[in-house]
Amino acid sequence: MAPPLRYDRNTYARHDIPGTTRRSLLAGVAALGALGAAGCTRVATASTTAGGDLLDRMRAAGVVRLGIAGEIPFGYIDRNGELTGEAPELAKAIFKRLGVDRVQPVPTEFGSLIPGLNSQQFDVVAAGMYVNPERCEQVIFADPDYQMLDSFIVRKGNPKGLHNYQDVVEKKAKFATGTGYAEIQYAVDAGYKESDILIVPDQVAGLNAVEAGRADVFAGTALTTREVVKKSAKAEATKAFAPLVDGKPHVDGGAFAFRPTETRLRDAFNVELRKLKKSGELFRILRPFGFTEAEMTDLTAKELCGG
């Protein structure tokens, strides 16, 4: 995949659950990857049929191969060694409706998802991937199954009154965020000097930095910040907000990605996704992973691709 023009928050794990360490998570992904590799290392050659015939081939095989990145809560291996997360659980529901009863995970690094998809190592990316114009030049997206705003982790009571990136700049707050997070660019766009940003591995490390006073604020997604502070006696999450991009409030959206030739599969997926949204079943699938009604969305891939 060509280097992104903007930082991606999807590069590393964004949420941890009690009792699960990053090391155990990665071990589970590796084990599952070996299992997947034993079954099949590559999907069938891409079709030349207009609109693609991958859906027909998956129906015949009875399985869809999901590219995942081992990220909680988007797609990961739970304590029992089972594949779960908002994207795999949604995939199970939609592909069953499409006549494909089984999902097979193919774990990889996040940065390898698009190259792996386009080199046919798996059939679809199911990793909560944000839709942006750069990625839209390489893959086609279903419509987003969730939207996401930003939020800050701050000391209890929010003593510096930090509610957005402009506040951070104006009040000269010590700013931290995660490795590869989109929030890096949002802060820079607001006027924060990039070299002054404290970069930490993830939101757990961000919480620790705020609690220890090494940072006044840690920026992340509204979902991950509100989850990670639940047991903290020293920190809290601010109200979710939309960062400014080119002077306008920006809302991110995550979706499934498909090879550009597979428009028929993408369109069939969208039909079932719309049904799940209308019935409320989508929210019931995502809610156990920390999503709220505020993260449900009618955004389209076309809007986020800039088309």
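## Salt bridges and their surroundings

Glu295 counts as buried, because its relative accessibility is 5%, which is under the 20% cut-off for buried residues. The model shown here is predicted, and the count of salt bridges in it comes to 11.

The side chain of Glu295 meets that of Arg226 in a salt bridge, with 2.5 Å from N to O. This pair links distant parts of the chain, since Glu295 lies in the loop between helix 11 (281–286) and helix 12 (301–305), while Arg226 lies in helix 9 (residues 222–228), 69 residues apart.

Another salt bridge joins Asp56 to Arg264, and their closest N and O atoms are 3.1 Å apart. Asp56 belongs to helix 2 (residues 54–61) and Arg264 to helix 10 (residues 263–279), so the pair ties together parts that are 208 residues apart in sequence. Asp56 is partly exposed at 37% relative accessibility, and Arg264 is likewise partly exposed, with a relative accessible area of 33%.

Within helix 11, Glu281 and Arg284 are 3 residues apart and therefore separated by about one helical turn. Glu281 is partly exposed at 28% relative accessible area, as is Arg284 at 43%. Salt bridges with shared partners also join Asp56, Arg59 and Arg264 into one network.

| Glu295 | Arg226 | 2.5 Å |

Key: Residues are numbered from 1 along each chain as its sequence is written. This is a predicted model: local features need pLDDT of at least 70, side-chain atom pairs count only at pLDDT 80 or more; totals for chains, interfaces and linings use all residues. Side-chain values use heavy atoms; hydrogens and water are left out. A salt bridge is a side-chain nitrogen of Lys or Arg within 4 Å of a carboxyl oxygen of Asp or Glu. Helices (H or I, at least four residues) and strands (E, at least two) are DSSP runs, numbered from the N terminus. Buried means under 20% relative accessible area, exposed over 50%, partly exposed in between (1.4 Å probe, protein chains only).
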